[in-house]
Structure formats: C-alpha cells, structure tokens
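This report looks at how charged side chains pair with one another. The sequence and the structure come next, and the pairs are then taken in turn.

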Amino acid sequence: MTEQRRGSRSRSQQGRGGARSRGRGAARPSPLLLAGRVAAVCGSAGVLLAAGVSSYTYNALTTGVKTSDALSVTEKNAPPKLDNSVNLLLIGLDSRKDMNGNNLPDWVVQDELHAGGSSDIGGYNTNTLILLHIPAGGGKVQAFSIPRDDYVETLNGDGSPQGMHKIKEAYGLAKSVAETKLQAQGVKGADLEQQSREVGREATLATVQSFLGVRIDHFAEVNLIGFYDIAQAVQPITVCLNHATSDPAMAGQGSGASFHAGLNTLNAAQALSFVRQRHNLQNGDLDRTHRQQAFISSVEYKLKQEGLFSDLGKMQSLFDVVKKDVVLDNQWNILDFAQQAPNLTGGKVVFNTLPIQGFATRNGESVNLVDPDQIKRIMQTLIGHDAAGSSPSSAGSGAGSAAPSQPAKAVSPAVVDVLNGSGVTGGAAAESKALVAEGYTAGEVASHSARSHTTVLYGSGAESAAQQIAGGLNAGSATASSSVRAGHVEIVLGTGFTLPTGSGSAAGSGSGSGSGAAAPTSSIPFQGAAVQAGGIPCVN
C-alpha cells in the first residue's frame, strides 16, 4: 500500500473546542475512532472523485493516493459481474490508532471528538458501510447503508467463516489474527499495522459481498480525521433536523451535539457532533445512519451550488484532502469512473438503510437481527440484472407470502418504483401493491416531496409499460428519462391521487374481486424513510 507523509501543521479548532493548535508529524493519524460518524467523508470522497476529473490529469489526481490490493484476494468468491454497472463500498473505520499503529493524543480523542477514554484503546470496527450502486450508462445512483450492528456470518478474505458477529467486527477480527501471525514472523511497527489492516479490509469486503449477494467493484476506506479535514474545508454546512436534540458530552459519553429544529449551520466541530450522535434519538444508531446520509447530501448540494464541480481551482484543495485521508482499491481507474458516474454530483442519489428484523442480545451485546435472504432479495430487486424475471414478492417478507393473482390483462414487463408526493398516507405502498396484482414487478416504494400532479417516467425498454400505467393513472403521457434505470418505470404520485380499490390498480384492470389477492406486502421494507440528495434533507 502506498503511503503519503505530511508534515506538522496547525489547525484552528472552531466551535466547542476553542482555539488551539495541533502539530501533526510525519506519522499521519489516519483511520481514527468512531468512524460510523465518518460516512460524510466517504460520500465526499466518492463525490470528489466522480466530479470534474476529466479536466484533471490522471497522474496529478492519483499521485499520493494510498491504495490497497484487498479486492484481488476476495475476487475468487465474489458474485459474477454481469454488466458495466459499478458497486462501490464506502468504509468508515473506527480506530484510536494512526495508520502506523501509533496512539492518537488523548486530547484529540477526548476534547475534539468527545470520545472519552485513552487512545491506547484499540478497536477496528467498520462503523460505516454504504454501498453505492451506479448503473451502467448513468441513471439514478442508489446508496444502501448497512447498520453496523447487523448480526451476520462474518468471513475472512478467503471466504472462510469467522462465525456469527456484528458486521462491523469482521475487519478487527481478521486484523487481530493476522497481527499475531505477522508478529511471529518478526513483522513489527508500521509494517505490522499496515499489513494487518489489509487483511481486515479483505474480511470486510468478503463479508459484505456475501451478506448482500452482490459483487463489490471498488471501495474507499476513510477516517474521522479525514472527515474533520473536509468539514473544515467546506464549512459552514447547513443541515436540517425534524426535532431539537441534545447529546451532552459527559463522562466519555455523548457527542456534544446541541441543535434546534429546522435548519442548522455547522462548523467542523459541530459537524462531527451531528454525524456522531446516537444518544437521545428515537431510533439510536439507525437515526445516526440517516444523519450520515443527510450530511453527505448537504455537502454535495453546497459544493454544487458554489460551482465547485466546474471549477478546477476550487477543487484543488479538496482533492488534496481526499488524497491524504482515503485508501482506494488499486483497480480503480478514476477517469473511467468519473465518466460513468456524473449523477453522483447531480443530486440523483437516493440513500436507503437496509432493514432489520428487531433487536436482541448475543454474547452479552446488543445486536440487530436480520434476514440475509430478505436482504439479498431486496438487492436483486433493486440492482439485479433480470428485472423482468424477478418475483413480484421478492422484496416482501418471503416465506408465507401469498402468490400474486393472475393479471386480468396482459401488461408489458417492468419494475415499477412508486414515490409518494400526493400527501395520501400509504399511497405509494397501496399503488405498488395494486400494480403487482396487475403483473408488474415491485420496485422502490418511498416518500417524495409534494407534487401538484402525478408523473410517470421510464428508462430504456420500459416505454410500453409506462404508457399503460400512465393511462390508468390519468397522468398524461409517460416521459423517457435518463435518470430512470433500464427496465424501470418511476411513478411520482401527486395531488389528486386516490387509493386504488379491490385488487385492481390505478392502471385499470377493472377487477374488483378479492379473489387471488396479491402478496400481503410489495413495498421494500427499508429502515426508515429514504434520504434524497440534491438539497438539504430533514432527518431526526
């Protein structure tokens, strides 16, 4: 892995920390603690790498970037690559050590991060895992957050099992075993830290690929210091909260967050608190995941509004930050990626959190219970490659679901995404269920900002289905859109929409009979509402 060194510098601490400077020597503090709060820098890294790159020389962009060969180890057991879409895994690492294994100063841990304790406490949890799916040829980018406490079978990089653990622990478990073996071989110091971390990355990649049932094409690993660097570079950042919240930093607990309902303008220190808070939130860690998604969206929106993505000079310093604070796989051709993923900077990214089944205690620890088969069905429904052949109930509860009724008339095959901007409670789920009864395949079901009328968009190959659906919804003519994936129809329900009756849909089967009813649920049971990029989304 290529290492970059950076000299000592002073950094003005803004917000709660007061004014103080911090010297940073040649051994650069890198993956640092509590990086479940680091999703924003992951997203920023992805955004920056995807934007404006075509006008930047390849060598200038990649010189000094730390790279990893971990993907080559996991390729043997990875699912096959079926098209030119890209699955990019963003990893936020929890560690109180720098990249060379040195402890972070206690004052950094306690004062800046409100983390409490001492930096000699180890830990290498991947507290943030977000999979970005970038369709071949463009279209809407879908981002899937994996809750860090999901209780799954974790794997080593070669596919051998570690056992049942929280998904965040795969990295640290593999690193610990590797470290012992490497020490026995006489490896020590920075080499020991870097080589054992590489084994940790391999385990995380193998575990996520197995859990989701999808191939990972690229990854970016980022640290909390990197988040702080980027937050300082782009501050102030405006975020939005549905409710006022407070999370005092006391006795090593709490993020130091204190925010009011509505728009909040944050400096770098406050941004750390915003993405780290998990106490005093209705859904704890799960709400924090939505905070991370919202912060990424807000940063991307601000940078676009300020014209950064079209201004090479403005991008220079942010590219430098990314190069200092991120590890990329060595198979990544950034120029090719930039050409494929323009929608990362166009507001066409939707974040969802993969569902859990409940909470439990395993080995004395609180965990999230999950259904791995359900997770794989969801991923196949949304980013699979055989939309027309997908089971209409594939995103539902699985076992025990009733078979869908036979359609009353022939329909053109398509996966139908339904977004509710009508104000009618449950409108998207009801419409999706009715369309499944018609014979269409269930896609995404989510909320949307208010719309004055219903619109129907379609991707390549789905025009016939879109026009059928638009006619039944009295939505006028359906419109082709490059933001909609091939084989998909996207409905945004607007004012005037009414809930479908019987087993027929607004697409108009005319069948009011209850016989042969559709599956009990056809919505994608994500954990909470989607977070849509392209603005400043409000979250809890």
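## What counts as a pair

A salt bridge is taken here as a side-chain nitrogen of Lys or Arg lying within 4 Å of a carboxyl oxygen of Asp or Glu. The model is a predicted one, and twelve salt bridges are found in it.

## Asp149 and its two lysines

The side chains of Asp149 and Lys168 meet in a salt bridge, with 3.3 Å from N to O. This pair links distant parts of the chain, since Asp149 sits in the loop between β4 and β5 while Lys168 sits in the loop between β6 and α5 (170–184), 19 residues apart.

Asp149 also forms a salt bridge with Lys166, where the closest N and O atoms are 3.7 Å apart. Lys166 belongs to strand β6 (residues 161–166) and Asp149 to the loop between β4 (141–145) and β5 (151–155), so this pair ties together parts that are 17 residues apart in sequence.

Asp149 has a relative accessible area of 12% and is buried; Lys166 counts as buried at 9% relative accessibility, and Lys168 likewise counts as buried at 9%. Asp149, Lys166 and Lys168 are linked with Glu365 in a network of salt bridges.

## A pair within helix α6

Glu193 and Arg197 form a salt bridge through their side chains, at 2.8 Å from N to O. Both residues lie in helix α6 (residues 189–212), four residues apart, which is about one turn of the helix. Glu193 and Arg197 are both buried.

Definitions and conventions:
Residues are numbered from 1 along each chain as its sequence is written. This is a predicted model: local features need pLDDT of at least 70, side-chain atom pairs count only at pLDDT 80 or more; totals for chains, interfaces and linings use all residues. Side-chain values use heavy atoms; hydrogens and water are left out. Helices (H or I, at least four residues) and strands (E, at least two) are DSSP runs, numbered from the N terminus. Buried means under 20% relative accessible area, exposed over 50%, partly exposed in between (1.4 Å probe, protein chains only).
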